[in-house]
Amino acid sequence: ASPALAQVPQSVHQSCMICHGQTGENTIYPMVPRLGGQQVQYLAWQLKQFKSHTRADQNAQIYMWPVAQAMTQQEIQLVAKYYAAQSPMHSASSPRPGVSAGKQIFLQGIAAQGVPACMACHAVNATGRGIFPRLAGQRYGYIVQQLTYLHDGNRVNPIMQPVAEKLTNRQMQDVAAYLSGL
Ligand code: HEM
Ligand code: HEM
């Protein structure tokens, strides 16, 4: 086991790996995010939001509230460091339709709809930074689901919501096709 894993109490990482996989890569369903190489600050922030019930979309409530509830602040920091230190998530599946339209949205935004370029916050290669999550190699189904939650106001975030609100379903699928294939 890696040094970072040895730091995390077994009771914690054993439960996470059921859904997220040991390295945060082999997630059980498309709705479960990959965690490998995710930004450490973002990971810790999301776990705190599950614990405080600030992130309250349906899958958060069903799957993540019970686990986050039981975690101490110290365990949150350790597990965030562990997943951030794993190999960055990447997709193994073949490209989906919509990649080139999605790439354009990511790099340039959609001026006619007032959508800013995603790369302004998520970084040019979608690696993320600090509180801005990595999106490169994330699961397609998860990306579409989160954009839908944010669009409908089921996941509340003052920075990301105004962006998601302006996207059509088709545009969400296109940008997810691009990002999940990186
Ligand atoms: C989301 C960590 C256990 C299912 C997340 C996220 C983090 C995380 C950081 C947010 C990722 C992001 O926003 O990109 C952990 C840790 C666990 C754990 C550290 C162990 C202590 C589990 C288990 C399940 C699960 C046991 C399945 C029963 C999910 C699902 C989501 C999620 C479905 C997406 C929630 C949503 O759509 O809002 N997890 N997780 N996780 N996790 Fe876990
Ligand atoms: C979160 C996509 C533009 C800031 C997210 C998530 C996705 C996403 C899928 C959820 C990631 C996860 O749960 O792991 C996009 C796309 C964009 C875009 C496709 C362009 C159309 C932006 C811009 C900003 C931004 C321009 C900054 C002004 C954030 C922040 C979060 C986030 C702060 C975390 C939200 C939270 O904690 O609930 N984005 N994004 N995004 N995005 Fe974006």
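**Surroundings of the two ligands**

The shell around ligand 2 is made up of 18 nonpolar residues, five polar residues and one charged residue; here Ala, Val, Leu, Ile, Met, Phe, Trp, Tyr, Cys and Pro count as nonpolar, Asp, Glu, Lys and Arg as charged, and the others, Gly among them, as polar. The structure is a predicted model, in which local features need pLDDT of at least 70 and side-chain atom pairs count only at pLDDT 80 or more, while totals for chains, interfaces and linings use all residues. Residues are numbered from 1 along each chain as its sequence is written, chains are lettered from A and ligands numbered from 1 in the order in which they are written, and side-chain values use heavy atoms, with hydrogens and water left out.

Of the 24 residues around ligand 2, Cys118, Cys121, His122, Tyr142 and Met160 come nearest (a residue is near a molecule if one of its heavy atoms lies within 4 Å of it). Polar contacts, defined as pairs of N or O atoms within 3.5 Å, also occur with oxygen atoms of this ligand: polar side-chain atoms lie at 2.6 Å for Tyr142, at 2.8 Å for Gln46 and at 3.0 Å for Tyr42. At least two residues of the shell come from each of helix H3 (40–51), helix H7 (119–122) and helix H8 (140–152), helices being DSSP runs (H or I) of at least four residues, numbered from the N terminus. Domain 1 (3–84) and domain 2 (99–180) each contribute at least three residues to the shell around ligand 2; the domain bounds come from an automatic or database domain assignment.

In ligand 1, the iron atom is coordinated by His20 (NE2) and Met64 (SD) at 2.0 to 2.2 Å, where donors are N, O and S atoms within 2.8 Å of the metal (3.2 Å for Na, K and Ca). His20 belongs to helix H2 (residues 10–20) and Met64 to helix H4 (residues 58–69), so that the pair, 44 residues apart, links distant parts of the chain.

Oxygen atoms of ligand 1 lie 2.6 Å from an N or O atom in the side chain of Tyr42, 2.7 Å from a polar side-chain atom of Gln146 and 2.8 Å from one of Arg55. Because domain 1 (3–84) and domain 2 (99–180) both give residues to its shell, ligand 1 lies between them.

Notes: Polar contact = N/O pair within 3.5 Å; in protein donor to acceptor, adjacent residues only side chain to side chain.
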